[in-house]
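Please keep the sequence and the 3D view at hand while reading.

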Amino acid sequence: MELTITIPEIGEKQFEPGITPAEILRTIENKLLSLKSIAAEFNGKMIDLKTPLKEDGELIYHSFETEKGKEVYWHSAAHIMAEAVKELYPQVKVTIGPAIDEGFYYDFDKNEPFSEEELAAIETKMKELIKSKLPFERKELSHQEAIDFFKGLEEDYKIELINEMPDNEKISVYTHNKFSDLCRGPHIPYPAKIKAVKLLKSSGAYWRGDENNKMLYRIYGIAYPNKKELREYLTELEERKKRDHRRLGKELDLYSINDDIGPGLVLWHPKGALIRHLIESYWKEEHLNAGYDLINTPHIGKAELWKTSGHIDFYNESMFAPIEVEGNEYYLKPMNCPFHIAVYNSSKHSYRELPVRYAELGTVYRYERSGVLHGLMRVRGFTQDDAHIICTKEQLYEEVENLLIFSIRLLKHFGFEDLQLYLATKPEKCVGECEAWDAASESLETALKNQNMHYEIDEGGGAFYGPKIDIKIKDALSRSWQCTTIQFDFNLPDRFGMEYTGADNKSHRPYMVHRALLGSLERFFGTLIEYHGGDFPFWLTPVQVMLIPVSDATAHYAERVRSKLRKAGFRAEADLRSEKVGYKIREAELKKIPYMAIVGPREEEENTVSLRKRKEGDLGSFSFNETIYKLSRQ
RNA sequence: GCUCAUGUAGCUCAGUGGUAGAGCACCUCCUUGGUAAGGAGGAGGUCACCGGUUCAAGUCCGGUCAUGAGCUCCA
């Protein structure tokens with residue numbers, strides 16, 4: 001019986017059972033496919049090009065250009081890196097080494113961390129190993145054989161991994177040259193396919209990410225099928241560094257963090273504070289339009305409050321130590337929820353009033369471990385654009401859907417297009433009834449589906465008190481930061497005894513949705529800086545137009561134009577220093593000011609300005625009205 | 001918090017045991033110049049902090065603090 005294999009590029013074809021994807025490639029006339037393929041996917045399962053096919057099915061070839069292909073490629077590079085390390089340091093024990101979004105890493109149990117020189121030596125050894133042109137060989141062992149095999153090699157970590165696998169399952173081992181590694185596979189057929197490799201950095205990492213375990217040393221690397229792509233990637237890394245909000249924050253004088261004040265506490269400088277003001281104004285207006293009530297609450301509250309909320313029991317290690325006043329303990333608030341609930345509970349509510357939406361730009365303080373602080377992205381004092389929606393079960397879906405639409409609209413207004421959405425569902429340990437969880441999860445998922453948004457499900461990733469939707473934005477180093485979070489809370493309404501009177505004249509417990517759309521102003525600002533590389537959208541840019549007189553003789557004219565522009569609602573400054581035009585233009589360009597208006601005797605006489613757009617250059621002469629028109633269309 | 005690295009002028013950085021440096025920024029003066037750096041001069045540092053070794057420490061050693069890359073956690 002011949003097998004029927006469907007290949008997207010080729011169509012349906014018949015083959016002898018046991019034929020491999022590599023052999024099939026030799027029978028078909030598609031040189032490009034043959035040349036590029038590094039692994040295959042058969043009926044949805046990734047396999048080696050050398051894996052014999054035993055049933056009918058669909059065969060997809062993967063090259064470095066597909067996501068899955070890249071993963072295989074980088075995983076193979078990680079294997080070669082481990083081999084190089086074992087060649088250079090036979091006493092080192094290998095652990096795990098997966099492909100990641102950009103490249104791969106491998107964790108090693110070694111006494112000393114890897115130095116720069118060692119990294120270079122490992123890279124050189126990798127290149128040698130790649131040149132050898134030996135193939136990757138797959139072997140399948142029984143559970144016991146695998147344990148014996150790795151015991152012989154004294155690879156304790158591998159044994160630990162095998163012990164956790166079901167013992168009736170075959171265990172695959174890939175060997176290249178003298179180095180064998182426990183590995184599910186697949187691998188590229190020959191390491192020689194790796195044409196360019198670079199080890200980027202090394203750092204400590206706990207075995208299995210658990211700080212109770214031994215600290216291992218991790219090496220990160222990247223590999224490409226040609227040198228040009230590697231060069232491009234390295235250039236891209238340099239470009240990303242230039243967008244880093246910590247660098248731009250200094251260069252553009254937006255904010256600082258001062259040792260004398262404390263780590264993770266942000267000082268917003270005038271230009272940063274102006275942007276924050278614009279964000280806040282826009283945010284408040286939008287919230288009022290969307291039916292929210294703005295409230296304000298204090299920064300500290302009594303210990304009893306945080307006992308009731310459960311924060312002292314469950315969140316204590318993230319809270320600053322209490323302050324004692326008149327025999328009472330007060331805590332800096334790590335969240336705004338109890339205060340919002342107190343506002344709600346200050347009076348009785350009828351179902352007719354719901355939904356109630358309380359919004360606040362609420363500043364909270366959290367004790368974050370020193371090692372995790374990061375510029376504006378991870379701080380100890382930050383202002384959440386927080387709100388709590390208190391509603392009935394019937395109102396749930398509409399509220400959630402509106403929230404999602406609202407959130408995405410806000411983010412898009414700031415220029416964000418590339419968003420990652422996650423739906424986090426019920427974890428093992430949780431509070432609240434199943435029915436409530438189901439209703440809430442369903443409303444979240446339906447909202448996502450109805451918006452046609454691409455999202456991923458984070459199974460069991462919800463908080464213990466409710467499911468949630470998170471929206472993340474990537475920073476300049478490709479790390480994702482959570483901004484929007486829309487989460488249900490089945491815990492606090494119970495703890496604080498929230499109620500409303502229903503149409504049946506009975507008391508009911510409302511549903512509560514806790515949400516932050518920008519997340520925190522600090523983190524949001526950080527992502528905003530990086531996303532735009534400091535070139536903020538025109539409406540947010542601190543100085544929109546810089547007036548540049550050609551000489552002191554036209555300084556007065558420059559000031560007059562500046563005043564007129566300000567009256568017209570634009571943020572205009574004038575550079576009146578005794579410097580040459582070229583110098584002032586250069587400075588304005590570096591400060592990322594979008595428009596420059598150069599004025600000399602000619603402009604003064606004609607009552608015009610010579611407009612110049614950042615990065616583009618001279619736009620020509622414009623009358624005042626034309627200038628206003630041009631700017632207002634930004 | 002853990003591992004490693006780093007900490008010198010406002011910023012970016014040089015300085016490998018023997019009198020603290022550069023460029024930019026800043027101040028003063030000259031220059032009034034037409035689309036990305038005009039010229040001269042000046043001021044500015046307890047070399048993160050504390051301790052140790054040494055005749056002598058920015059430099060070597062230890063500790064503390066901070067920052068960075070990760071681990072973990074989260075807005």
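## A network of salt bridges

Arg612 is partly exposed, with a relative accessible area of 23%. Here buried means under 20% relative accessible area, exposed means over 50%, and partly exposed lies in between, with a 1.4 Å probe and protein chains only. Glu589, by contrast, counts as buried at 14% relative accessibility. The two residues form a salt bridge, and the closest N and O atoms are 3.1 Å apart. This pair links distant parts of the chain, since Arg612 is in strand 32 (residues 608-613) and Glu589 is in helix 18, 23 residues apart. A salt bridge is defined as a side-chain nitrogen of Lys or Arg within 4 Å of a carboxyl oxygen of Asp or Glu. Helices (H or I, at least four residues) and strands (E, at least two) are DSSP runs, numbered from the N terminus.

Both residues belong to a network of salt bridges that links Asp535, Glu589, Arg612, Arg614 and Lys615. Side chains of opposite charge can pair when their charged atoms come close.

## The model and its overall form

This is a predicted model, in which local features need pLDDT of at least 70 and side-chain atom pairs count only at pLDDT 80 or more, whereas totals for chains, interfaces and linings use all residues. Residues are numbered from 1 along each chain as its sequence is written, chains are lettered from A and ligands numbered from 1 in the order in which they are written, and side-chain values use heavy atoms, with hydrogens and water left out.

Chain A contains 20 helices and 33 strands. Of its 634 residues, 51% are buried. The C-alpha trace of chain A spans about 85 × 75 × 55 Å along its principal axes. The domain assignment, which is automatic or taken from a database, divides chain A into domain 1 (3-63), domain 2 (68-238), domain 3 (257-296 + 338-532), domain 4 (298-335) and domain 5 (543-632). The centres of domain 1 and domain 3, taken over C-alpha atoms, are separated by 48 Å.

## Two further salt bridges

By the rule given above, the count comes to 42 salt bridges. In one of them, the side chains of Glu211 and Arg369 meet at 2.8 Å, N to O. Glu211 lies in the loop between strand 12 and strand 13 (215-224) and Arg369 in the loop between strand 20 and strand 21, so this pair ties together parts that are 158 residues apart in sequence. Glu211 counts as partly exposed at 44% relative accessibility.

Another salt bridge joins the side chains of Asp494 and Arg509 (2.7 Å, N to O). Asp494 is in helix 15 (residues 492-495) and Arg509 is in the loop between strand 27 (507-508) and strand 28 (511-520), so the parts tied together are 15 residues apart in sequence. Asp494 is partly exposed at 44% relative accessibility, and Arg509 is also partly exposed, at 36%.

## Contacts with the RNA

Helix 18 (residues 581-590) supplies the largest share of the surface near RNA strand B, with seven residues.

Individual atoms can also be located. A backbone N or O atom of Cys483 lies 3.3 Å from a sugar or linking oxygen of RNA strand B.

## Backbone details in loops

The peptide bond from Gly185 to Pro186 is cis, with omega near -5°, and Pro186 is placed in the loop between strand 11 (179-182) and strand 12 (196-206). The bond from Leu354 to Pro355 is also cis, with omega near 0°.

Lys592 has a phi near 60°, a positive value in a residue other than glycine. Lys592 is found in the loop between helix 18 and strand 31 (595-599) and is buried, with a relative accessible area of 19%.

Methods. Polar contact = N/O pair within 3.5 Å; in protein donor to acceptor, adjacent residues only side chain to side chain.
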